[in-house]
Amino acid sequence: MPEISFWGHACFLISEEGKETLIFDPFISDNPLAPVKVGEAYADYILLSHAHWDHLGDAYEIAKQHGATIISTSEIAKKAASDGLNAHAQHLGGRSYHPFGSVKLTLAFHGAGIEGGHACGFIVDYYGNKIYFAGDTGLFSDMKLIGELDSLDVALLPIGDNFTMGVDDAVIAASFLQAKVVIPYHYNTWPLIETDPELFKQKVEAKTDSRCVILPPGSGYNL
Ligand code: NI
Ligand code: MN
């Protein structure tokens, strides 16, 4: 059974026994919520939503150590390739195919953290399970389209405010996406993004048909 593990901030893993491991935004060594040391992190693919330090994190270290492939927007992937890492470049709206399934890049309204680049979100098909990771983003109404085009099993949404959507906007995002399960992230890493995930859960479950699962860092959700 595939599992989504949360390592705090915006770092998630998708894995299944004997299958490829995907890590999203592997911010580990400077992440006060990280339940592991960077040397314990294994991944075959590293999905980078953008290159801000709290997302790029330890991507290079993990890519070097395990030969993992960085999947990101063209500017970030090309920089990684020119730095000697395995990288797969794609861009907003495009889907790529891999042994585990596919990765589509979505819009995200946020800085890229690299000159001339874009931030993105991801829709991952992992052995038939559809997971949307919004990246760092504000609310945008085209999330409706994401919910219409792909029937989502899980939507991962930032809720911490200041840099991304806060609780109320993320509840609207959840109503647009209509995923079976919503999991919040990008909160309580630092005082600036202190947020009550229970309040988010209450509102999501009152206003949408989605179930909200709060993952304490180090815990996981079985798909
Ligand atoms: Ni950011
Ligand atoms: Mn961030």
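1. Strand 11 (residues 154–158) is largely enclosed by the rest of the structure, because five of its five residues are buried. Buried means under 20% relative accessible area, exposed means over 50%, and partly exposed lies in between (1.4 Å probe, protein chains only). Strands here are DSSP runs of E with at least two residues, helices are runs of H or I with at least four, and both are numbered from the N terminus.

2. This is a predicted model, in which local features need pLDDT of at least 70, side-chain atom pairs count only at pLDDT 80 or more, and totals for chains, interfaces and linings use all residues. Residues are numbered from 1 along each chain as its sequence is written, chains are lettered from A and ligands numbered from 1 in the order in which they are written, and side-chain values use heavy atoms, with hydrogens and water left out.

3. Which residues cover the two faces of strand 11? V154, L156 and P158 lie on one side, A155 and L157 on the other, and all are buried. In a regular strand the side chains alternate between the two faces of the sheet.

4. Strand 11 has parallel partners. Three bridges join it to strand 10 (residues 129–133), and five join it to strand 12 (residues 181–185). Two strands count as paired if DSSP finds at least two bridges between them. F133 stands opposite L156 of strand 11, while A155 has V182 in strand 12 as its bridge partner.

5. The chain leaves strand 10, passes through helix 4 (residues 143–149) and reaches strand 11 in a right-handed β-α-β crossover. A right-handed unit is also made by strand 11, helix 5 (residues 167–177) and strand 12. Right-handed means that, with the strands pointing away from the viewer, the path from the first strand over the helix to the second runs clockwise.

6. The manganese ion (ligand 2) is coordinated by D54 (OD), H55 (NE2), D136 (OD) and H186 (NE2), at 2.1 to 2.3 Å. Donors are N, O and S atoms within 2.8 Å of the metal (3.2 Å for Na, K and Ca); water is not among the atoms, so sites may look incomplete. D54 lies in helix 1 (residues 53–56) and D136 in the loop between strand 10 and helix 4, so the pair ties together parts that are 82 residues apart in sequence. D54 counts as buried at 7% relative accessibility, and D136 is buried at 2%.

7. The nickel ion (ligand 1) has H50 (NE2), H52 (ND1), H110 (NE2) and D136 (OD) as donors, at 2.2 to 2.4 Å. D136 coordinates both metals, which are 3.3 Å apart. H110 is partly exposed, with a relative accessible area of 23%.

8. Seven strands form an open sheet of mixed pairing, in the order 6-5-4-3-2-1-14. Its edge strands, strand 6 (86–90) and strand 14 (220–222), each pair on one side only. Strand 1 (residues 3–6) and strand 2 (residues 12–15) are antiparallel and share four bridges, and F6 has F12 in strand 2 as its bridge partner.
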